[in-house]
Amino acid sequence: MQKRVLITGAAGFLGSHLCDRFIKEGCHVIGMDNLITGDLANIEHLFKLENFEFYNHDVSKFVHVPGQLDYILHFASPASPIDYLKIPIQTLKVGSLGIHNLLGLARAKKSRLIIASTSEVYGDPAVNPQPEEYWGNVNPVGPRGVYDEAKRFQEAMTMAYHTFHGLETRIVRIFNTYGPRMRLNDGRVLPAFIGQALRGEDLTVFGDGSQTRSFCYVDDLVEGIYRLLLSDYAQPVNIGNPDEITIGQFAEEIIKLTGTNQKVVYKPLPQDDPKQRRPDITKAKEILGWEPKVNRAEGLKITYEYFKTLSKEQLDKIEH
Ligand code: NAD
Ligand code: UDP
């Protein structure tokens with residue numbers, strides 16, 4: 001029997017790649033998105049397919065989908081700091097009301113549900129790398145709190161449905177992921193730097209550039225999510241690439257990759273910006289037999305090629 005899969009946030013960066021993957025696996029995919037940060041261009045190639053449907057809907061409002069659903073992937077949420085600072089209430093709602101609606105739907109349809117959680121549940125971490133057992137260091141009332149606490153609530157709600165209602169649930173804690181279809185103006189560091197290089201602007205490093213991140217290529221992430229969904233493991237699992245780099249070094253890599261003559265300029269570090277971030281992926285390795293395969297040099301090259309295909313109008317459409 002063909003599996004029927006609901007993917008929320010389908011028109012976004014990760015959601016669109018997940019739609020592609022589940023279509024490739026022969027599933028019937030129902031994409032749902034209200035396009036608040038997404039773009040239909042990411043999934044327009046799927047519209048001609050018989051096994052793809054799209055619902056333009058805000059999942060923070062009651063969600064109705066006719067027919068059987070085997071899997072629900074809840075990926076709808078603003079995800080970049082400038083997005084969730086601009087729409088904080090919607091961010092809190094999709095992580096609370098949204099997940100409640102989808103858990104209700106999963107119960108009614110007897111579906112297995114996986115949620116997109118995040119390394120942000122660890123906040124500005126006091127331990128590095130971060131294992132799943134680390135409870136985090138989050139400022140609930142700081143600017144990032146709207147995202148971090150929504151995701152923490154989402155995990156708690158999902159676990160409650162698992163233990164109280166016996167619902168089949170999975171929790172993936174995603175670390176910084178990059179690849180084609182990232183929005184050029186979403187403020188995340190990779191599109192910011194590549195966009196600046198392509199427009200001939202200086203690269204803006206926030207703080208002194210000593211803060212670290214660990215970047216995972218999107219295909220690796222999608223493989224990890226797929227394996228976790230099919231596993232029988234209900235506790236949170238980190239999926240990310242442990243190859244850690246400072247943001248200053250990352251800017252130098254982008255300068256080399258793009259061949260830009262521009263230099264690095266320094267801007268103030270945003271409040272509560274985590275100083276270090278690196279996933280401990282022991283669990284993903286042991287439970288899922290998963291580890292990342294694409295190194296940063298390869299992944300960045302593919303991503304740069306994608307950004308080069310964008311038009312000048314798209315490149316110039318930047319909100320600072
Ligand atoms: P994105 O902004 O590209 O995609 C999010 C999508 O969700 C957008 O298409 C948006 O329109 C949609 N959306 C938001 N609120 C909605 C609502 N109320 N109803 C319906 N649709 C809604 O972001 P992304 O990078 O693809 O992130 C996808 C998910 O993965 C998010 O939940 C995010 O928190 C999580 N995540 C991403 C990363 C990463 O590095 N990309 C890291 C950690 C977690
Ligand atoms: N950053 C930067 N310049 C930019 C955009 C981001 O130096 O133009 C920094 C940001 O302060 C953070 C890191 O890059 O330390 C990653 O930021 P991003 O928004 O991509 O993700 P997150 O902070 O959520 O990991």
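User: Which residue is the bridge partner of H74 in β5?
Analyst: In β5, H74 has I115 as its bridge partner. This is a predicted model: local features need pLDDT of at least 70, side-chain atom pairs count only at pLDDT 80 or more, and totals for chains, interfaces and linings use all residues. Residues are numbered from 1 along each chain as its sequence is written, while chains are lettered from A and ligands numbered from 1 in the order in which they are written.

User: Which way do β4 and β5 pair, and over how many bridges?
Analyst: Strand β4 (residues 71-74) and β5 pair in the parallel sense, over four bridges. Two strands pair if DSSP finds at least two bridges between them. Strands here are DSSP runs of E, at least two residues; helices are runs of H or I, at least four; both are numbered from the N terminus.

User: And how many bridges join β5 to β6?
Analyst: Six bridges join β5 to strand β6 (residues 169-174), and the two run parallel. There, L113 stands opposite T169 in β6.

User: How many residues of β5 are buried?
Analyst: Seven of its seven residues are buried. Buried means that 20 or more other C-beta atoms, placed from the backbone, lie within 10 Å of the residue's own. In a regular strand the side chains alternate between the two faces of the sheet. In β5, one side has R112, I114, A116 and T118, the other has L113, I115 and S117, and all are buried.

User: New topic. Which residues come nearest to ligand 1?
Analyst: G9, G12, G38, A76 and A79, out of 28 residues around ligand 1. A residue counts as near if its C-beta atom, placed from the backbone, lies within 6 Å.

User: Which elements supply at least two residues of that shell around ligand 1?
Analyst: α1 (13-24), α3 (88-109) and β5 (112-118) each do. α1 gives the most, with three residues.

User: What about ligand 2, which residues come nearest there?
Analyst: R188, V189, A192, T204 and F206, of the 16 residues around ligand 2. Two or more residues each come from α5 (189-199) and β8 (203-206). β8 has the largest share, three residues.

User: Zooming out, how many helices and strands does the chain have?
Analyst: The chain has 10 helices and 13 strands.

User: What does UniProt place at residues 6-301?
Analyst: The UniProt record, an unreviewed entry, places "domain: NAD(P)-binding" there. UniProt positions are in the numbering used here, feature names are shortened, and annotations may be inferred rather than shown by experiment.

Key: Buried ≥ 20, exposed ≤ 12 C-beta atoms within 10 Å, placed from the backbone.
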